[in-house]
Amino acid sequence: MTKYIPTIGVECHVQLCTKTKLFSEVDNDARLKQPNSCVSPVDYGLPGMLPRLNGEAIKFAIRAGLALNAKINLESRFDRKHYYYPDLPKGYQITQMFHPIIGEGYVELPNGHKVRIEHAHLEEDAGKSSHESSYSLVDLNRAGTPLVEIVSQPDIHSAAEARDYAKELWRVMTYAGVTYGDLYNGNMRFDVNISVAPEDSTELGTRTEMKNLNSFRSVERAVEYEIKRQTKLLEKGEAVIQETRGWNEATGETTGQRSKEDAKDYRYMPEPDIPPICLDSADVEAEAANLPKMPSWYRQKFNNVLSQDLVEVLLDYPNLMAKLAELEGNQAATKKVANLFSSVLLAEENTSLLNDKLPTKEQLITLVEMNDNNELSSTATKEVFIKFFDPEMHYKETRTIAKELSVIQENDLGALEEIVNTVLEKPETQKAQSDFRAGQEKVLGFLVGQVMKESKGKANPSAVQKILREKLR
């Protein structure tokens, strides 16, 4: 039976989080804004309106290229890509067809596989069309938003790898600080090209393209479905049609939208209103000096400290990884804090606590030390940790919070022995004492519970258990 191998390439549109748009001086963050409220005459394409290049977008593009391990081209140029659609009022898109700002690079996946980047270019986004049953609406808030379009080589060969690539691309762009990374609002959108061919074939199969996928799950599911669909066609001796297909999240299927048998003529021409971008090595070096640590750096740093699975969970939160890095040199504290981040902070009921006001290094180290010294039980440690995010308590020292919560354990053996004696003198514990002496080990839990109750939860359970065993011998 013939084995078929999929080949996948991804084009990703990354909206840059500049304050203003690429060619106009209006708000670039249209999230939660009213439709057509973040626009200017330039975005509307009104006659006589000339674009003015946003210098911040150039810096962000350089930073994005560095995050992609890519060559930064010191000279790049803009072109006009002509097509007509209601969300593109001026009838052309300003892009970089022939001289992109970012050259060849790569993205390394968690499994070590490198997906090569062919290039990445700077361009303006179009508006957004919404289609109803009998009419369409156009929102131009997005028109003119600076984009970096990242074009990969066809180095991906499975749905899972396509998902991992999309996620790693999202990570490096958000860690670089060039995008909000809000997938729901379209800050990153993935166009996926897929072809399938027999294993021994020297040529790639006919490809289809799926546009505007906006989640890692959608990328994986859509690719998985399309691989199966194309494989079934080939097994039946039928041809795969080169076309753009849409992904239906509800049905889990792709459907044909428009044929791509012939390449569309966009009538590219050099952009006459914007001069070439001319950089020097100092511009690139300045952005390289300010480039934050990338996910690969954190993987390397915590390689022998945390499990790979835990690292991959926490890598979705750059601020948490940066906080863990502050604990450098204290592996025990790093492990405990990482587990608190994943098991407590990222628990479904606590995700609303996650914000920029993370505990200080001193608060976390003191918390770990108090737990190590049996001053705080595991439960109490979590209680104090959660209070770090309370606006009324987050500025307080760890020990102060623990005292206010009355969760510091009693470790004074003399004081604990007095409490144990009080409990052992009570009539309701006599039978349990007899049962324990008779070999019924499980009743020790009842006696420990009575001591904890008597101490109002402050006794160290381990110390209590040890004292009880000695007294009941």
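Modeller: Buried means under 20% relative accessible area, exposed means over 50%, and partly exposed lies in between, with a 1.4 Å probe and protein chains only. This is a predicted model, in which local features need pLDDT of at least 70, side-chain atom pairs count only at pLDDT 80 or more, and totals for chains, interfaces and linings use all residues. Residues are numbered from 1 along each chain as its sequence is written, and side-chain values use heavy atoms, with hydrogens and water left out.

Colleague: What makes Phe341 count as buried or exposed?

Modeller: Phe341 has a relative accessibility of 0%, so Phe341 counts as buried. Phe385 also has a relative accessible area of 0% and is therefore buried.

Colleague: Why is the pair of Tyr298 and Phe302 called stacked?

Modeller: Rings of Phe, Tyr and Trp (its six-membered ring) pair if their centres lie within 6.5 Å, and planes under 30 degrees apart count as stacked, over 60 as edge-to-face and the rest as tilted. The centres of Tyr298 and Phe302 are 6.4 Å apart and their planes stand at 10°, so this pair is stacked. Phe341 and Phe385, by contrast, form a tilted pair, with 6.1 Å centre to centre and 55° between the planes. That pair links distant parts of the chain, since Phe341 and Phe385 are 44 residues apart.

Colleague: How do you know that Lys114 lies over the face of Tyr106?

Modeller: A charge sits over a ring if NZ of Lys or CZ of Arg is within 6 Å of the ring centre and within 35 degrees of the ring normal. Lys114 is at 4.4 Å from the ring centre of Tyr106, and Lys293 lies over the face of Trp297 at 5.2 Å.

Key. Helix = DSSP H or I, 4+ residues; strand = E, 2+ residues; numbered from the N terminus.
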